[in-house]
Amino acid sequence: MSEQVSRRDFLKLAGLGAATTAVLTGCGPASRYVTREPYQQMPEYNLVGQSTYYATTCRECAVGCGIVVRTYQGRAIKVEGNANHPLNLGKTCARGQATLHGLYNPDRVTDPIKKSRGDSAGENINWDDAIQVVADALKNNQPNEIAFLLGTSSDHLFDLLTDLANSAGVNAPVRFGALSMFESRATLSKAAENLFGQAGMPWFDVANAETVFSFGANFLETWLSPLSYTRGFANFRKATETKLRGRMVQFEARMSATGAKADEWVAIRPGTEALVVLAIGKLVAEIKGGSVPRIFSSVDPLEVASQADVPLEALQHLAELFATSNVVAIPGGPALGQSNGLAVAEAVLALNILAGNVGKAGGMYISALAPNQSEYHRPASAQEMQAFVERMKNGEIKVLFVHGVNPVFELPNAIGFKEALSNVGQVISFGIFPDETAVEADYVLPDHHGLEGWGYQRVTTGTDLPVLSGAQPVVSPYYNTRSTVDVLIEAARLAGGAFASALPFADEVEFLENKVTSLMSESSGSFSAIDNVAFMASFQQYGGWWKNVDAKVSPSGSTAFSRNISAEQAQFAGEGEFFFVPFVSPTLGEAGANKPWLQELPDPTTTVMWTTWIEINPETAHELHVENDEVVKVISEAGEIEVPVYIYPAIRPDTVAIPFGQGHTAYGRYAQNRGANPADLLGLHFNEAGDLAFAGMKVRIEKTGKTKPVSRNESRMGVYGEDLGEEH
Amino acid sequence: MTTLSDLKISEVKLAAEEGGKWGMVIDQDICTGCQACVAACAMENNIPFVGEEDSGYGRAMHWIRIERFWEGEYPEIKMTNQQPMMCQQCGSAPCEPVCPAFATVHSQAEELNLQVYNRCVGTRYCANNCPYQVRTFNWRDYERPEPLPNQFNPDVTVRRRGVMEKCTFCIQRIHKAQDKAKSEGRDVMDGEFTTACAQACPSNAITFGRIDKEDTLVYNMIHHGHSHGKKHLEELGTLPNIVYMNGNGAA
């Protein structure tokens with residue numbers, strides 16, 4: 001078709017001709033000076049018809065992936081991955097893509113508001129008054145009565161408040177997120193500390209392993225650093241000239257989206273994870289010859305096989321596989337959310353030592369610390385949150401500031417956060433959405449959306465390099481919101497004294513510069529700069545700064561084998577007949593429920609959209625006489641919820657599972673009054689590391705006689721059956 | 001009995017140089033079903049969300065969906081490898097001849113199946129005739145309350161009620177790259193741009209590129225591995241331009 005003029009080109013030429021004609025013949029001034037008003041006032045540097053791209057950091061979770069946002073005439077159009085960012089190398093997840101539905105969400109908090117508790121709406125106030133409220137709250141209370149509760153993103157606000165705590169004596173900021181609760185981050189770092197003498201986030205080099213043994217880890221969904229782990233998985237799976245296709249074994253009672261990719265899915269009985277790991281360790285040690293290390297010696301594989309409901313031959317076959325290839329073993333998900341979750345984590349890390357993979361390609365490391373970070377920092381465990389709530393109940397906290405987290409929804413109901421708020425004199429939310437916590441606040445002083453604001457995020461795990469991921473505004477703020485850092489700096493200035501001297505910055509950008517430009521003197525940086533201005537410009541242009549040095553740590557676990565792990569089953573709370581597995585929705589995460597396109601994404605395993613469901617084995621459903629879409633009441637010792645049934649073929653008959661992410665009573669039109677929150681079923685039981693034993697509950701199920709059609713993508717006929725005769 | 005595959009329609013058509021210009025390779029072995037492609041496609045192409053009830057009726061507008069099937073029964077249950085399914089950009093597309101309004105036509109320049117929204121009168125014959133069930137129909141004017149429309153991609157038409165739509169291989173991106181290449185007096189280079197789904201895909205399971213030349217990304221993936229993959233329902237003679245692989249066939 002080289003000489004042919006395509007239809008499209010022809011139309012273009014024709015169009016050009018028409019335009020020329022118009023100019024030659026001359027039109028009236030009105031048509032010559034047509035001005036098209038953009039949706040917003042366009043910045044001067046934007047050219048009509050040209051897109052502008054800005055690098056920033058995704059704030060949908062704490063991972064810190066680099067993104068590049070396409071903007072067009074002052075509007076954000078599309079999120080893409082930042083191809084140069086060492087963590088995600090140009091990739092994005094569904095939640096990152098849908099961040100624009102947060103930015104342009106119709107239910108954002110548009111102005112600072114003063115309100116009464118329990119109301120979602122209130123009276124708009126101006127920012128001067130709002131800042132005075134914050135200043136008065138700082139000034140009129142004792143510093144140790146002032147507390148900040150933050151989400152896991154963004155780190156620059158955390159650093160600002162840590163500075164404030166250090167110099168003005170307010171409580172150090174407490175961070176929490178439901179994702180980190182379900183990831184059992186405290187357990188992982190405690191296990192590393194116990195075995196290797198070094199607290200930190202373990203990093204598993206899936207990419208270079210031959211075999212992966214995953215004990216409940218949902219590393220292809222939301223776990224720790226899903227994009228990085230997914231890239232590793234792709235490399236692991238691909239056969240090349242030099243390596244075979246990786247082989248994956250997943251141990252879990254309910255097949256997760258990660259487990260669905262496994263070559264072997266082993267449905268062990270919940271609570272026996274530690275036993276299974278130790279038994280495999282013992283069998284492997286026997287196959288390899290030599291004495292069985294003490295840590296594995298206390299179990300009897302035959303007994304474990306019956307306790308875990310797995311044939312002994314299967315354990316032997318898995319041990320054989322383990323002993324004869326380069327394996328990495330990963331602990332995660334419900335396996336850590338047991339009463340003995342720490343024992344599970346320690347046993348799995350010990351398996352890696354047994355495999356001889358610690359600090360080797362395809363094995364286990366401790367993640368690199370991020371730049372300007374001196375020691376590993378993790379969010380609060382559920383037990384630490386319980387202590388925090390206790391202080392609230394006792395009236396020790398007079399002012400509570402909340403930013404980036406929705407504790408009323410994300411914490412288990414049993415912890416009593418909402419009730420404890422009544423003993424807190426003043427609650428000030430910086431929430432950008434009218435979430436459950438904002439409803440319970442006295443003031444909502446909305447921060448900018450992540451795409452409208454400055455900041456940085458430390459990358460905790462997922463890459464060999466120390467990475468500080470940078471954030472900058474990609475669009476000007478759409479509403480009358482103000483950066484929380486700016487509000488705090490201004491309020492501290494008004495409060496005077498120690499507050500003012502703790503935050504001696506003109507604004508947020510100066511604070512950022514103060515924190516970031518010290519990196520200029522570091523060697524092997526991803527870019528170099530001659531002065532602060534040049535450094536900040538490059539920091540924004542590249543979407544962060546990283547050190548081109550492999551800084552992951554190869555720990556030494558020489559004494560680990562002599563540890564004693566008690567070979568016991570986990571304890572379960574409650575009287576019900578079913579083990580209960582709550583899991584984070586892979587598409588919604590902890591805070592995605594208000595983004596309509598995330599609601600309409602089918603769940604990877606069930607294809608359900610827009611609601612919560614309970615997964616029940618077909619055999620169990622038959623015994624209970626329940627059908628798909630039938631609403632059942634799920635009752636635990638801590639509470640009860642009603643959810644429709646999804647008959648799920650890949651779950652143990654003695655186990656039921658419910659996704660976390662829905663069940664909001666506020667949080668905007670797409671989230672409110674939709675589905676149910678499985679956190680309402682969770683009692684306050686913790687593992688030895690202080691993480692919630694969220695998978696350590698037993699529940700019972702009652703029929704309700706109601707039905708609710710569950711919208712799902714797997715049948716093109718829809719859920720209403722073939723009888724579509726009625727008009728809808 | 002004569003079956004469709006006995007007719008060897010595909011061989012007849014293949015001989016007639018219906019090779020296609022753009023194509024895709026999808027490695028189902030590394031697809032994790034994470035839905036990043038689905039979200040990316042929706043954001044790039046101004047696809048409306050339809051809400052809980054309409055999606056329950058099978059009216060969700062996903063241009064790409066991830067199919068998964070079950071094999072066996074508990075405990076010997078296995079989920080088949082995830083299968084991203086979108087318009088296969090058939091060389092001989094069953095949707096095209098049935099459109100009375102010539103809204104579903106074949107582009108000679110791009111060798112893609114076009115959907116011309118302002119010609120479409122909503123007979124839905126094309127969706128009826130598509131063996132891949134990848135066409136979606138705007139049953140309503142789906143509401144996108146302000147300020148959500150700020151996010152619209154200006155390069156893509158916003159469709160309204162009564163119009164059929166489907167995956168376009170991100171033709172707006174193809175055109176942008178072609179225009180740039182033309183202004184620089186060259187042909188579009190392989191890997192110069194990609195579709196929204198392939199760009200987002202965290203495991204790089206989707207690869208998009210030229211298939212009308214040798215030594216391109218897609219060509220090499222199809223021809224240099226141990227497995228050459230397969231095309232879906234090829235026996236119908238649709239000449240799809242998407243190749244599905246389950247790994248590269250090596251052990």
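Predicted model: local features only at pLDDT ≥ 70, side-chain atom pairs only at ≥ 80, totals over all residues.
**Entry 1. A sheet in chain A**

I looked up the strand order first. Chain A holds an open sheet of 4 strands, ordered β11-β10-β9-β12, and the pairing is parallel. I noted that β11 (264–266) and β12 (327–331) of chain A are the edge strands; each has a single partner strand, so one side of each lacks a neighbour in the sheet. From one strand to the next, the twist averages 15 degrees.

I then followed one pairing in detail. Strand β10 (residues 247–251) of chain A runs parallel to β11(A), and 3 bridges join the two. For F251(A), the bridge partner in β11(A) is V266(A). I also recorded that helix α14 (residues 341–355) of chain A packs on the sheet, where it touches β9 (211–215) and β12 of chain A. The direction of α14(A) makes about 170 degrees with that of β12(A).

**Entry 2. A helix pair in chain A**

I examined helix α10 (residues 273–288) and helix α12 (residues 301–308) of chain A, whose axes come within 9 Å and cross at roughly 150 degrees. Angles over 145 degrees count as roughly antiparallel, so α10(A) is roughly antiparallel to α12(A). The crossing of the two is left-handed. On α10(A), I listed L275(A), V276(A), A279(A), K282(A) and L283(A) as contact residues; on α12(A), they are P301(A), V304(A), Q307(A) and A308(A). By class, this contact has 7 nonpolar, 1 polar and 1 charged residues.

**Entry 3. Contact between the chains**

I found that 61 residues from chain A and 48 residues from chain B take part in the contact. On the side of chain B that touches chain A, the elements giving two or more residues are α3 (36–44), α4 (52–56) and α7 (196–200) of chain B. Of these, α3(B) gives the most, with 7 residues. I sorted that side of chain B by class and recorded 26 nonpolar, 16 polar and 6 charged residues.

**Entry 4. Backbone features**

Most residues other than glycine have a negative phi, and most peptide bonds are trans. I therefore noted the exceptions below.

- The peptide bond from Y74(B) to P75(B) is cis, with omega near 0 degrees; P75(B) sits in the loop between β3 (70–71) and β4 (78–79) of chain B.
- E146(B) and P147(B) are joined by a cis peptide bond, omega being about 0 degrees; I placed P147(B) in the loop between β8 (136–137) and β9 (164–165) of chain B.
- S524(A), not a glycine, has a positive phi of about 55 degrees. S524(A) lies in the loop between α21 (508–516) and α22 (532–542) of chain A, and is exposed, with 12 other C-beta atoms within 10 Å.
- N46(B) has a positive phi near 55 degrees. N46(B) lies in the loop between α3 and α4 of chain B, and counts as partly exposed, with 19 C-beta neighbours inside 10 Å.

Methods:
Residues numbered from 1 in each chain as written. Chains lettered and ligands numbered in written order. Pairing = 2+ DSSP bridges. Axes fitted to C-alpha atoms, helices over the stretch in contact; angles between N-to-C directions. Contact = placed C-beta atoms within 7 Å. Nonpolar A, V, L, I, M, F, W, Y, C, P; charged D, E, K, R; others polar. Parallel < 35°, antiparallel > 145°, perpendicular 65-115°, else oblique. Left-handed = near helix turned anticlockwise from the far one by under 90°. Buried ≥ 20, exposed ≤ 12 C-beta atoms within 10 Å, placed from the backbone.
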